[in-house]
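Subject: Structure for you to look at

Hello,

Here is the structure I promised to pass on. Please open it alongside this note; my findings follow below.

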Amino acid sequence: MKQISNFGDQRMLDQCLYCGGTPETREHVPPRVFLDKPYPEQLPVVQACSNCNGDFSTHEEYLACLIGCVLAGSPVSEEIQRKKVAQILKERPSLAYRIENSRTDDNGAIVFAIEQDRVQKIVEKIARGHALFEVNELLGDPIAFFALPLTTFTAEQLNDFENIDHAVVDAWPEVGSRAMQRLLITDDTVHNGWIEVQRDRYRYSVSQRAGIEVRMVFSEYLACRVLWE
Ligand SMILES: [Zn+2]
């Protein structure tokens, strides 16, 4: 990825993104648990206090492992495709057990019950990081949210989700923000409004067409959308 510097309001960047407290740690957006080695160079980074940073990490591991287990149809670490996820499940048997217990066999279809509040917490948090990084906006609670497998979408829903309407920009991004620069700089990690952080692992988009909207896809499986007014 190309690192694009942000010339936006520095005061906004000098605080914990999540609580406004003193920034003590730098956090990758997305967190690296969702990516494989070798990591893309120059991942987006935001500032966070160590409390907020630490709070989220177990939820992040949960979500990364859940996606890995769903894709494998199994919580058995040997069957998990991503090495990092297999490793976490091996080191944290309680997490593996918890995910195993959420699995049911519905007439031959393996279904994992999702801990929705944990997923929402993490997805919203990552979306807030993208919004700050791309368009210099510090955001509170969103007005709309979903996190659903891409496989559950109808053709029309998929089309809506995949097509980021950048042709109609009602409000230009703030001058100096990364989103503005992305309009000016050709970057081969950007395809049709989607920024591909790592192929098959993670992509996202930030749009300001109607409110601020962040869309994310984890492992080409979990599609998420977070919207702010
Ligand atoms: Zn904080």
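Let me start with helix 3 and helix 4. Helix 3 covers residues 83-91 and helix 4 covers residues 93-101. Their axes lie 5 Å apart, and the packing angle is about 100 degrees. Angles of 65 to 115 degrees count as roughly perpendicular, and the two helices are therefore roughly perpendicular to each other. Helix 3 brings Ile88, Leu89, Lys90 and Glu91 to the contact. Helix 4 brings Pro93, Leu95, Ala96 and Ile99. By class, that contact holds 6 nonpolar and 2 charged residues, with no polar ones.

Bear in mind throughout that this is a predicted model.

Next, helix 2 and helix 5. Helix 2 runs over residues 50-72, helix 5 over residues 116-135. They pack at about 110 degrees, with axes 9 Å apart. That angle makes helix 2 roughly perpendicular to helix 5. On the helix 2 side, the contact is made by Phe56, Thr58, His59, Glu60, Tyr62 and Leu63. On the helix 5 side, Arg118, Val119, Lys121, Ile122, Val123 and Lys125 take part. This contact divides into 6 nonpolar, 2 polar and 4 charged residues.

Now the cavities. How many cavities of 30 Å³ or more are there? The count comes to 2.

The largest cavity has a volume of about 100 Å³. Its lining includes Phe34, Ala64, Ile67, Gly68 and Leu71. Ile80, Gln81, Arg82, Arg201, Phe218 and Ser219 are also among the lining residues. Which element gives the most to this lining? Helix 2 does, with 4 residues. The lining of the largest cavity has 6 nonpolar, 3 polar and 2 charged residues.

The second largest cavity has a volume of about 60 Å³. It is lined by Leu63, Leu66, Ile67, Val70, Ile114, Gln116, Val119, Ala147, Tyr221 and Leu222.

Ile67 is in the lining of the largest cavity and in that of the second largest cavity. Leu63 and Val119 take part in the contact of helix 2 with helix 5, and both also line the second largest cavity.

On to the aromatic residues. The model has 8 aromatic pairs. One of them joins Phe34 and Phe218, with ring centres 4.9 Å apart and planes at 65 degrees. Planes over 60 degrees apart count as edge-to-face, so this pair is edge-to-face. Phe34 sits in the loop between strand 1 (25-28) and strand 2 (45-48), while Phe218 belongs to strand 9 (residues 212-218). The pair therefore ties together parts that are 184 residues apart in sequence. Phe34 and Phe218 are also among the residues that line the largest cavity.

Last, the backbone. Most residues other than glycine have a negative phi, and most peptide bonds are trans. The exceptions below deserve a look. The peptide bond from Val29 to Pro30 is cis, with omega near 0 degrees. The bond from Lys37 to Pro38 is cis too, with omega near -5 degrees. Pro30 lies in the loop between strand 1 and strand 2, and Pro38 is placed in that loop as well. Ser219 has a positive phi, near 50 degrees, and is not a glycine. Ser219 lies in the loop between strand 9 and strand 10 (222-228). Ser219 is also one of the residues lining the largest cavity.

Best wishes

Notes. Residues are numbered from 1 along each chain as its sequence is written. This is a predicted model: local features need pLDDT of at least 70, side-chain atom pairs count only at pLDDT 80 or more; totals for chains, interfaces and linings use all residues. Side-chain values use heavy atoms; hydrogens and water are left out. Axes are lines fitted to C-alpha atoms, for helices over the stretch in contact, and angles run from 0 to 180 degrees between N-to-C directions. Angles under 35 degrees count as roughly parallel, over 145 as roughly antiparallel, 65 to 115 as roughly perpendicular and the rest as oblique. Contact means heavy atoms within 4.5 Å. Ala, Val, Leu, Ile, Met, Phe, Trp, Tyr, Cys and Pro count as nonpolar, Asp, Glu, Lys and Arg as charged, and the others, Gly among them, as polar. On a 1 Å grid over the protein atoms alone, a cavity is a set of points where a 1.4 Å probe fits but cannot get out, and a pocket is an open set with protein on both sides within 12 Å along at least five of seven lines; lining residues have an atom within 4 Å of a point. Grid points are joined across faces, edges and corners, and a volume is the space filled by probe spheres set on the points. Rings of Phe, Tyr and Trp (its six-membered ring) pair if their centres lie within 6.5 Å; planes under 30 degrees apart count as stacked, over 60 as edge-to-face and the rest as tilted.
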